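Dear colleague,

I am handing over the structure below, and after it you will find what turned up when I went through it. Please read the notes with the coordinates open beside them.

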Amino acid sequence: MSVIKAALLGFGTVGEGVYTAIHSHQQQLNELLGVRVEIVAVLIRDKNKKRDIESNILVTTDFEEILNIRDLDVVFEAIVGEEPGYTYLKQAIDKGIHVITANKVMFAKYGQELIHKAKQRNVKLAFEATTAGGVPIIRTIQRLLQVNRITKVQGILNGTSNFILTKMRENKLSFEAALHLAQQKGYAEADPTNDISGKDAFCKLMILSQLVFGEQPCWSEVKIEGITSISQQQIEEKEHQGQRYKHIAEIYKEGKLIKASVKPIIVDSNHPLYWIEGVENAIALEASLVGNITLQGPGAGKMPTASAMIEDFAEIVQHQQLQEKIPALQM
Ligand SMILES: NC(=O)C1=CN([C@@H]2O[C@H](COP(=O)(O)OP(=O)(O)OC[C@H]3O[C@@H](n4cnc5c(N)ncnc54)[C@H](OP(=O)(O)O)[C@@H]3O)[C@@H](O)[C@H]2O)C=CC1
Ligand SMILES: N[C@@H](CC=O)C(=O)O
């Protein structure tokens, strides 16, 4: 059986999830792909942290060491922020290594450039995990709605915000207590500023905009509002009126202009997003042929995000195998 060599960039919530998923689903991967997946290296920042990683795996803070691994097939990138993720992924693609990323901050800005680079280099770049955690929204748009013209996307794209709003309403938790819980559960980023300010949902919305419309609106013209100004009292008042606060990201086209917004909206039970609770995300698509489709599922957390990355991985290997059978097939 052939071996696929993989490296993990980052071993936090998501990186560790990918590590666990590869081990727990090795059998399924074997059966599906006819390969054994071997994690050969893990990139981290702090060498002194205790980690449960097999002793034969290279654990390093030096990305060069990973690039120098012979016949490395794929990297799973789950580190934080634009840099060094962008530089590392460029270097990996240049070396002909397939890339799977969860890093939306980096991808919202540099995704197009990396996709272009990957095409030139004939490697695969997959990014399902950047948007809506375990919900297969990227794949749905890419593969299942190729002929449809999508006219509008509206969704709850940040699991942490939705979790906080739900906990404040259902359990009467303070904002701080709910955020703390979201951090403990691995939903919120280590620095949760982007989650609660709306920036995280904005990055995901920009990734969807690129996918759906082939372009993004001018970032500085998009109104971005988070959930920090919503008080417990406001949430309770709305609850008594049968309404809920939902943090909603929306994008549509008006003529040639892309209109986008990210903000809390008060909705009643007639609104499909009223029912989306806790860490769940949901994305409603309006499309020319099919009409309305809503996808819903866990929007953050270790295993849902790892699931998105493993599914990307399976698709890359299958595509690679197909390409080897039909060499003329372009990526
Ligand atoms: N948590 C979630 O539910 C989701 C997260 N994401 C995205 O996935 C990525 C990872 O998230 P998450 O796992 O939660 O984050 P964590 O903060 O839990 O983990 C980040 C990991 O990256 C490593 N790291 C950070 N900076 C560097 C660097 N400069 N060089 C090498 N390693 C580095 C850290 O190393 P060390 O351990 O040494 O500190 C750590 O292992 C982020 O981009 C996030 O936005 C996407 C979808 C869902
Ligand atoms: N912090 C993010 C994680 C997933 O992208 C969120 O809460 O949605």
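In what follows, buried means a relative accessible area under 20%, exposed means over 50%, and partly exposed is anything in between, computed with a 1.4 Å probe on protein chains only. This is a predicted model, in which local features need pLDDT of at least 70 and side-chain atom pairs count only at pLDDT 80 or more, whereas totals for chains, interfaces and linings use all residues. Residues are numbered from 1 along each chain as its sequence is written, chains are lettered from A and ligands numbered from 1 in the order in which they are written, and side-chain values use heavy atoms, with hydrogens and water left out.

Let me begin with the annotated position. UniProt, in an unreviewed entry, lists K104 under "binding site"; its positions are given in the numbering used here, feature names are shortened, and annotations may be inferred rather than shown by experiment. K104 belongs to helix α5, residues 104-121, where helices (H or I, at least four residues) and strands (E, at least two) are DSSP runs numbered from the N terminus. With a relative accessible area of 12%, K104 is buried. Setting aside neighbours within four places in sequence, K104 is in contact (heavy atoms within 4.5 Å) with T130, E189, D200, C203, K204 and I207. With E189 the contact is also a salt bridge, the closest N and O atoms being 3.0 Å apart; the term stands for a side-chain nitrogen of Lys or Arg within 4 Å of a carboxyl oxygen of Asp or Glu.

Two of the residues that touch K104, namely D200 and K204, are themselves paired in a salt bridge of 2.5 Å, N to O. Both lie in helix α10 (residues 199-213), four residues apart, about one turn of the helix, and both are buried.

On the larger scale, the domain assignment, whose bounds come from an automatic or database source, gives domain 1 as 2-133 + 303-330 and domain 2 as 137-300. Their centres, taken over C-alpha atoms, are separated by 27 Å, and 19 residues of domain 1 are in contact with 23 residues of domain 2. About 1,700 Å² is buried between the two domains, 58% of it on carbon and sulfur atoms, where buried area is the accessible area (1.4 Å probe) that two parts lose on being put together, summed over both. Across this interface the rule finds six salt bridges. On the side of domain 1 that touches domain 2, α5 and α12 (302-325) each supply at least two residues. From the UniProt record, again an unreviewed entry, comes the feature "domain: Homoserine dehydrogenase catalytic" at residues 136-312; the end C-alpha atoms of that span lie 10 Å apart, and the span is 40% helix and 28% strand.

How many salt bridges does the structure hold? There are 20. One pair to inspect is R143 with E315, whose closest N and O atoms are 1.8 Å apart. Because R143 lies in helix α6 and E315 in helix α12, the pair ties together parts that are 172 residues apart in sequence. R143 is partly exposed at 38% relative accessibility, and E315 is partly exposed at 23%. Another pair is E277 and K246, which meet at 2.9 Å, N to O; this pair links distant parts of the chain, with E277 in the loop between β10 and β11 (280-287) and K246 in strand β9 (residues 243-254), 31 residues apart. E277 and K246 are both buried, and salt bridges that share partners join R169, E170, E239, R244, K246 and E277 into one network.

Finally, some backbone details. The peptide bond from E83 to P84 is cis, with omega near 5°, and P84 is found in the loop between β4 (74-77) and α4 (85-94). A132, a residue other than glycine, has a positive phi near 65°; A132 sits in the loop between β6 (125-126) and α6 (137-144) and is buried at 0% relative accessibility. K172 also has a positive phi, near 55°, but K172 is partly exposed, with a relative accessible area of 48%, in the loop between α7 (159-170) and α8 (175-184).
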